[in-house]
Amino acid sequence: MLKRCKIICTLIVLGAGITTISAEPLRIVSYNVENLFHPKHDTVMVDSTVTEKDDWAWTPNGERRWSYTRYYRKVESIARVLTNAGGWNGIDIAGLQEVENAECVKRLCHTLRKGEYGFVHYESPDRRGIDVALIYKKARIDTLATKAIPVPQLETRDILYVCAKTAKQDTLHLFVCHLPSQRGGAAESEWKRKIAKHVLQSAVDSLYTQDPQAKIIIMGDFNGTPKDDITGMRNRMNEHGRKLQRTMGTHKYQGQWTCLDQFYTSPAVDTISKVWIYDAEWLQEEDEKYLGLKPKRMYNGFRYQKDGFSDHLPIVLEIEDSTR
């Protein structure tokens with residue numbers, strides 16, 4: 001599959017170009033937006049069979065009373081986060097986790113800036129219907145090949161692969177992940193995440209076989225502490241690889257911050273990039289039980305907060321212009 005993507009990338013790079021060339025750094029955001037559901041009940045394809053999604057709680061008559069008003073407000077809130085995390089020129093790429101379907105991503109792109117962003121999304125076999133997606137600024141990014149990579153043995157989110165070309169004619173290999181949760185216990189569920197990382201490792205190895213200098217970026221919610229466990233890639237969220245800010249992670253559970261959201265980069269990206277947690281105070285609220293701050297969610301239990309966002313904080317990777 002990746003060999004075919006390489007051929008496609010080469011052909012398109014030779015035959016087409018992006019006319020808007022900018023010396024501005026490329027800014028990439030990874031964000032678990034937490035339950036971005038469309039209010040309409042949906043179905044999912046599992047083993048070639050159409051199956052009902054377990055999304056009833058996120059419908060107007062469900063437990064969450066998920067109305068179209070709340071849905072639109074959620075989209076607007078996520079757009080606000082991405083706009084601010086993108087800085088003066090906005091984001092160029094965003095890897096998203098916990099989006100239900102293409103309609104949600106389309107609405108988000110429209111809300112960001114109508115006509116300026118495109119997106120890539122595939123339906124996955126996840127029973128709840130939460131998928132990953134990638135959005136990109138069309139003036140600076142051209143998608144050359146895309147694919148949903150399934151994780152065998154598990155009815156979980158696929159891994160999204162996107163081969164992209166930047167305005168500077170660089171080819172980027174992007175992976176967006178949302179690894180299986182820690183439900184049932186971190187240790188007890190670790191085998192599931194190992195399967196997903198084995199799939200990632202195989203894809204990375206295939207790219208390096210074709211191009212030892214490949215620019216590879218893996219992003220997403222890994223549902224575990226940062227580890228350098230993908231050969232040929234560096235986890236940028238390790239203590240030695242990031243500057244600690246006001247927060248000690250991207251997700252807080254029972255008073256403990258953890259960095260579930262992570263970037264892995266290949267050496268060709270590592271040397272020209274920097275990574276940080278976007279931990280603006282307006283994205284957080286007082287943690288009355290455990291003290292300090294915590295991400296400001298749209299739901300605390302079943303209590304709706306119209307000015308909330310997500311239980312995760314976004315992370316940002318900025319690639320400097322390597323041609324200067």
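**Exercise 1. Find where Asn 89 sits, and decide whether Asn 89 is buried, partly exposed or exposed.**

Solution.
Step 1. Asn 89 has a relative accessible area of 37%. Buried means under 20%, exposed over 50%, and partly exposed in between (1.4 Å probe, protein chains only). Asn 89 is therefore partly exposed.
Step 2. The model is predicted: local features need pLDDT of at least 70, side-chain atom pairs count only at pLDDT 80 or more, and totals for chains, interfaces and linings use all residues. Residues are numbered from 1 along each chain as its sequence is written, and side-chain values use heavy atoms, with hydrogens and water left out.
Step 3. Asn 89 lies in the loop between α2 and β4. Helices (H or I, at least four residues) and strands (E, at least two) are DSSP runs, numbered from the N terminus.
Step 4. Look for partners beyond four places in sequence. Asn 89 is in contact with Glu 24 and Lys 137. Contact means heavy atoms within 4.5 Å.
Step 5. Compare sequence and space. Asn 89 and Arg 27 are 62 residues apart in sequence, and their C-alpha atoms are 9.0 Å apart.

**Exercise 2. Describe helix α2: its span, and what its buried residues pack against.**

Solution.
Step 1. Helix α2 covers residues 68-85, which is 18 residues.
Step 2. The expected span is 1.5 Å times one less than the number of residues. For α2 that gives 26 Å, and the reach from first to last C-alpha is 26 Å, close to expectation.
Step 3. List the buried residues of α2: Tyr 71, Lys 74, Val 75, Ser 77, Ile 78, Ala 79, Val 81, Leu 82 and Ala 85.
Step 4. Recall the general rule. An α-helix has 3.6 residues a turn, so residues three or four places apart point the same way.
Step 5. Name the partners. The buried residues of α2 pack against β1 (26-36), β4 (93-99), α3 (102-112), β6 (131-137) and β20 (315-319).
Step 6. Look past the end. Gly 87 follows α2 and has a positive phi, near 75°.

**Exercise 3. Which values of phi do Gln 169 and Asn 223 have, and is each buried or partly exposed?**

Solution.
Step 1. Most residues other than glycine have a negative phi.
Step 2. Gln 169 has a positive phi, near 70°. Its place is the loop between β8 (159-166) and β9 (171-178). At 34% relative accessibility, Gln 169 is partly exposed.
Step 3. Asn 223 also has a positive phi, near 50°. Asn 223 lies in the loop between β10 (215-221) and β11 (234-235). Its relative accessible area is 10%, so Asn 223 is buried.
Step 4. Check the surroundings of Asn 223. Beyond four places in sequence, its contacts include Arg 157, His 178, Pro 180 and Leu 260.

**Exercise 4. Describe the largest pocket: its volume, its lining and the classes of its residues.**

Solution.
Step 1. A pocket is found on a 1 Å grid over the protein atoms alone: it is an open set of points with protein on both sides within 12 Å along at least five of seven lines, whereas a cavity is a set where a 1.4 Å probe fits but cannot get out; lining residues have an atom within 4 Å of a point.
Step 2. The largest pocket holds about 1,400 Å³. A volume is the space filled by probe spheres set on the points, which are joined across faces, edges and corners.
Step 3. The lining has 45 residues, and Glu 98, Ser 181, Arg 183, His 251 and Asp 311 lie nearest the centre. Elements that give two or more residues include β1, α4 (186-210) and β12 (251-253).
Step 4. Sort by class. The lining has 11 nonpolar, 16 polar and 18 charged residues. Ala, Val, Leu, Ile, Met, Phe, Trp, Tyr, Cys and Pro count as nonpolar, Asp, Glu, Lys and Arg as charged, and the others, Gly among them, as polar.

**Exercise 5. How many cavities of 30 Å³ or more does the structure hold?**

Solution.
Step 1. There are two.
Step 2. The second largest cavity has a volume of about 60 Å³. Its lining includes Tyr 122, Asp 131 and Arg 157.
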